[in-house]
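Colleague: Before we look at anything in particular, could you take me through how the features of a model like this should be read?

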Protein chains: 2
Amino acid sequence: MITSTEQLFTAARTQNGYRPEAVADDTLRQLYELVKWGPTAANSGPARWIFVRSPAAKDKLLGCVSPGNVNKVREAPVTVIVGMDLDFHEQLPKLFPHVDARAWFANDAAKRAESALRNSSLQGGYLILAARALGLDCGPMSGFDPAKMDAAFWAGSSVKTNFICALGHGDPAKVLQRNPRLSFEEACQLA
Amino acid sequence: MITSTEQLFTAARTQNGYRPEAVADDTLRQLYELVKWGPTAANSGPARWIFVRSPAAKDKLLGCVSPGNVNKVREAPVTVIVGMDLDFHEQLPKLFPHVDARAWFANDAAKRAESALRNSSLQGGYLILAARALGLDCGPMSGFDPAKMDAAFWAGSSVKTNFICALGHGDPAKVLQRNPRLSFEEACQLA
């Protein structure tokens, strides 16, 4: 499928409101079928995803987000909860079968937590750009109560919430002025 | 610039060897000019980037990487060190000027460390896909000595190494068999 760097980067904007246009479950499946190919350490792919789009699940989510994010989550047809499996190493015999990568992580919960945050965030970046490639707009958010989120959505599992991201068709009238970025000289070195 | 989901996701492969073809500094600047627009929490953009391509800098880097990554780094025309500024909040008055976002992080080093890892990893995901959009191949790596890396490249600063990523034109003969991924049903829920 054709896309462009304008669609992915330079013309894309974080959304603060959404038009009442549904996102089909098939589109969410298509989204995952792109995101899953993005590289992660030892092919661990620690991200787990809950696509919240039913009224009941949305109500549960609305009870966990910061006041400033309530309207965005309410308007968006889908908000994806990007989770990270802190026991991702249990999948490594399947995902990285040629060596015993499970042993690299099995006795080190701190190493797993760091690797899960790093690699599920990488996957979150893939999700945002894959969604844009599919013509969706994104509104990533970190404003929520992590303990409430984990209890509401990941109880009884080894998954914790990393961040959340609204998906839909943005309302251009609600896009804010674009903030500045660091220049190449401020952020980069050629060594 | 036109690209495709095949180029970014489904046909792209992690590289283990590189053809001896240079990457122009202008391409690295063009890369940053895409990556910088990717969304981060409070527009904090905590990633800092060192593009290692001179023989002296490459030697320094080779002294920090795991044995399994030496040949890849040696062959690649560029390896980018993705760093994260743990004092990114000092840039927030410039990057997120409409509220005092600096205060959200100023007295909480643990919150800064988590946010820096999350958001610089998101930016790392943007980098990998932007590089692919520009026709480059990528080889992201976590196998290095973090303390050595930080001493060699970020001494006297508040930046720490997150991960590294070789950039160049891959040698198709050295690409490994593609590993399996979790199915939609294993990784996702529709709620």
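Modeller: Let us begin with contact, which means heavy atoms within 4.5 Å. By that criterion, 71 residues from chain B and 70 residues from chain A take part in the contact. This is a predicted model, in which local features need pLDDT of at least 70 and side-chain atom pairs count only at pLDDT 80 or more, while totals for chains, interfaces and linings use all residues. Residues are numbered from 1 along each chain as its sequence is written, chains are lettered from A in the order in which they are written, and side-chain values use heavy atoms, with hydrogens and water left out.

Colleague: What area is buried between chain B and chain A?

Modeller: Buried area is the accessible area (1.4 Å probe) that two parts lose on being put together, summed over both. Here chain B and chain A bury about 6,300 Å² between them, with carbon and sulfur atoms giving 63% of that area. Trp37(B), Arg181(B) and Ala191(B) supply 12% of what chain B buries against chain A, more than any other three residues.

Colleague: How many helices and strands are there in chain A?

Modeller: Helices (H or I, at least four residues) and strands (E, at least two) are DSSP runs, numbered from the N terminus. Chain A contains nine helices and six strands.

Colleague: And what share of the residues of chain A count as buried?

Modeller: A residue is buried when its relative accessible area is under 20%, exposed when over 50%, and partly exposed in between (1.4 Å probe, protein chains only). Of the 191 residues of chain A, 55% fall in the buried class. As for the contacts in chain A with a separation of 6 or more, 81% are between residues 24 or more positions apart, and the C-alpha atoms of the chain fill a box of roughly 50 × 50 × 35 Å along the principal axes.
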